[in-house]
Amino acid sequence: MDKVIRNPADAVADIPDGASLAVGGFGLNGIPETLIRALHTQGATDLQIVSNNCGIDDRGLGILLAAGRISRVTGSYVGENKEFARQYLSGELEVELVPQGTLAERLRAGGCGIPAFYTPAGVGTQVADGGLPWRYAPDGTVALPSPAKETRLYEGRPHVLEHGITTDFALVRAWRGDRHGNLVFRRAAANFNPLAAMAGRITVAEVEELVEPGALHPDRVHLPGVFVQHVLPLTPAQAADKQIEKRTVRA
């Protein structure tokens, strides 16, 4: 039951080329920065990433992207990463854009063993009708469009069929965790982390504070250890390494 791994390199050592990964975080908030950097050092390539966004140019998943390690991204927001836009528009990167709430539910559904569900989000758009550019050709034409999805009426309202997401691995960050893998997330840093952790067949969680089993009140555990296979306790310096994507102050 002791799931602790002390070395970041050991935590990501088994991730192979071509693996699919669900990665927590929203912008730079709650990203598993230490695990991402360890994966960059490890060298795995042709990675298929499922994450709300892809970090920024020099932080988070942006590090892997700039190194050419990512071949496909499923996400809902790409606006803060210029290299992401360059790779996508030049045909180097395949991108599946998903409505943000739908992405969250696809991860949750996959983690709960639900293969598919219907939602009204995206009805009447290319999300449902197909034609969204998943990959561009170098000349700017669409090389791979998204397929059309099944729609069905429920109580007279059209809904589109979306599929649950499961991935080979998941990388997440938590505020506190115990040796059994039970996790607690802090405020906005929860974001996609619990959902990504549920979707991964092998989930690695970096935790800012490691506690002994029994220290976390059962009613305050946000994600039970059944979803987590490995726990990486961070050093104080790693835990404190948090950047703000856009700092706004009053005049």
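# Cores and fold of a predicted model

Trainee: Leaving aside its neighbours within four places in sequence, which residues is Leu39 in contact with?

Mentor: Contact means heavy atoms within 4.5 Å. The model is predicted, so local features need pLDDT of at least 70 and side-chain atom pairs count only at pLDDT 80 or more, while totals for chains, interfaces and linings use all residues. Residues are numbered from 1 along each chain as its sequence is written, and side-chain values use heavy atoms, with hydrogens and water left out. With neighbours within four places set aside, the partners of Leu39 are Val12, Ile15, Leu21, Ala44, Leu47, Leu64, Arg69 and Leu171.

Trainee: Which residues touch the most other members of the largest nonpolar core?

Mentor: A nonpolar core is a set of buried Ala, Val, Leu, Ile, Met, Phe, Trp, Tyr and Cys residues joined through side-chain atoms within 4.5 Å. Buried means under 20% relative accessible area, exposed over 50%, and partly exposed in between, with a 1.4 Å probe and protein chains only. The largest such core has 31 residues, and those touching the most other members are Ile15, Leu21, Leu39, Leu47, Ile49 and Ile70.

Trainee: Which element gives the most to this core?

Mentor: Helices (H or I, at least four residues) and strands (E, at least two) are DSSP runs, numbered from the N terminus. Elements supplying at least two residues each include strand S1 (20-23), helix H3 (61-66) and strand S10 (167-178). The most, four residues, comes from H2.

Trainee: How many residues are in the other core, which lies apart from it?

Mentor: Among the members of this other core are Ala22, Ala170, Leu183 and Leu223. Its number of residues is 23.

Trainee: Does Thr151 count as buried, partly exposed or exposed, and at what relative accessibility?

Mentor: Thr151 is placed in strand S8 (residues 151-154). Leaving aside neighbours within four places in sequence, Thr151 is in contact with Ala128, His159 and Val160. The C-alpha atoms of Thr151 and Ala128 are separated by 7.6 Å, although the two are 23 residues apart along the chain. Thr151 counts as partly exposed because its relative accessibility is 47%.

Trainee: What percentage of the residues of the protein chain count as buried?

Mentor: The protein chain holds eight helices and 13 strands. Its C-alpha atoms fill a box of roughly 50 × 50 × 45 Å along the principal axes. Of its 251 residues, the share that count as buried is 49%.
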